[in-house]
Amino acid sequence: MNQRGRIAMSEDEIAGLLRDARKLQLGTINPDGTPHLVTMFHGLDDGRVTFWTYAKSQKARNIDRDPRVSCLIETGDEYTQLRGVLVYGEARLIDDPAAVLEVGLDVTRRMTGMPVDGPEARGYVEHTARKRVAYVVEPVRVVSWDHRKLGDGSVPRISP
C-alpha cells in the first residue's frame with residue numbers, strides 16, 4: 001500500500017473530525033479567479049458541512065457566481081500528528097428564514113459549546129439571522145489524511 005493509502009481516514013474517522021472540529025477554512029472563487037479563504041465556524045446537516053454568513057459578504061457573492069467551494073479542517077502541530085479533511089463540493093443556498101435560523105442555531109451551539117435554547121441566546125441568533133443566508137456543502141470529493149497512522153514517528157525524506 002502506498003503512503004497516501006496508509007494515511008487516508010475511514011468514513012467514521014472523517015465524520016468524527018467533522019463533528020469534533022469547530023472551525024474550517026472555506027475557499028471560494030473571486031471574480032478574477034483567485035481563491036478567497038476565510039475561517040468559518042460551521043455546523044453539520046446529516047454529515048454535510050453547513051455555514052451561514054451575511055448575504056452581502058464576499059463569500060456569498062462568490063458562491064452566487066460560482067458555487068464550487070473547498071472546506072479544510074485540520075489539526076495537529078507536529079508532522080506526525082497532522083490530521084485533516086478536505087471537502088470539495090458545491091455550496092447550495094439555504095434562504096428559507098426558518099432553515100437559516102436552524103443553521104445559525106447549530107453553528108452558534110457548536111461555536112460556543114453552550115445551549116442556545118434560552119431566550120437571550122436564541123434572540124441574538126434570531127436577530128442576526130435576518131441579514132444572513134446559509135449554505136450546505138454537497139460533497140463532490142473528500143480527501144483525508146492522518147499522519148498518526150505512519151506509526152514510526154519519522155518524517156519522510158524528500159529526494160532532490
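**View 1. The two faces of strand S2 in the predicted model.** In this predicted model, strand S2 (residues 35-41) has a covered face made up of His36, Val38 and Met40, while Pro35, Leu37, Thr39 and Phe41 belong to its uncovered face.

**View 2. The hairpin of strands S1 and S2.** Strand S1 (residues 23-29) pairs with S2 in the antiparallel sense, and seven bridges join the two. One of the residues to look for is Gln25, whose bridge partner in S2 is Thr39, a residue of the uncovered face of S2. Five residues lie between the strands of this hairpin, in which Gly33 takes a positive phi near 90°.

**View 3. The packing of helices H4 and H5.** Two packed helices are described by the angle between their axes and by the distance between those axes. For H4 and H5 the angle is about 130° and the axes are 9 Å apart. That angle makes H4 oblique to H5, and the crossing of the two helices is right-handed. On the H4 side, Val100, Leu101, Gly104, Leu105 and Thr108 meet Arg122, Val125, Glu126 and Ala129 of H5. The residues of this contact divide into five nonpolar, two polar and two charged.

**View 4. Val116 in the loop between H4 and H5.** The loop that holds Val116 runs between helix H4 (97-112) and helix H5 (119-129). Val116 counts as buried because its relative accessibility is 3%, where buried means under 20%. Leaving aside neighbours within four places in sequence, Val116 is in contact with Leu105, Thr108, Arg109, Ala121 and Arg122. Between Val116 and Leu105, which are eleven residues apart in sequence, the C-alpha to C-alpha distance is 6.7 Å.

Key:
Residues numbered from 1 in each chain as written. Predicted model: local features only at pLDDT ≥ 70, side-chain atom pairs only at ≥ 80, totals over all residues. Heavy atoms only, no water. Helix = DSSP H or I, 4+ residues; strand = E, 2+ residues; numbered from the N terminus. Buried < 20%, exposed > 50% of the residue type's maximum accessible area, 1.4 Å probe, protein only. Contact = heavy atoms within 4.5 Å. Pairing = 2+ DSSP bridges. Axes fitted to C-alpha atoms, helices over the stretch in contact; angles between N-to-C directions. Parallel < 35°, antiparallel > 145°, perpendicular 65-115°, else oblique. Left-handed = near helix turned anticlockwise from the far one by under 90°. Nonpolar A, V, L, I, M, F, W, Y, C, P; charged D, E, K, R; others polar.
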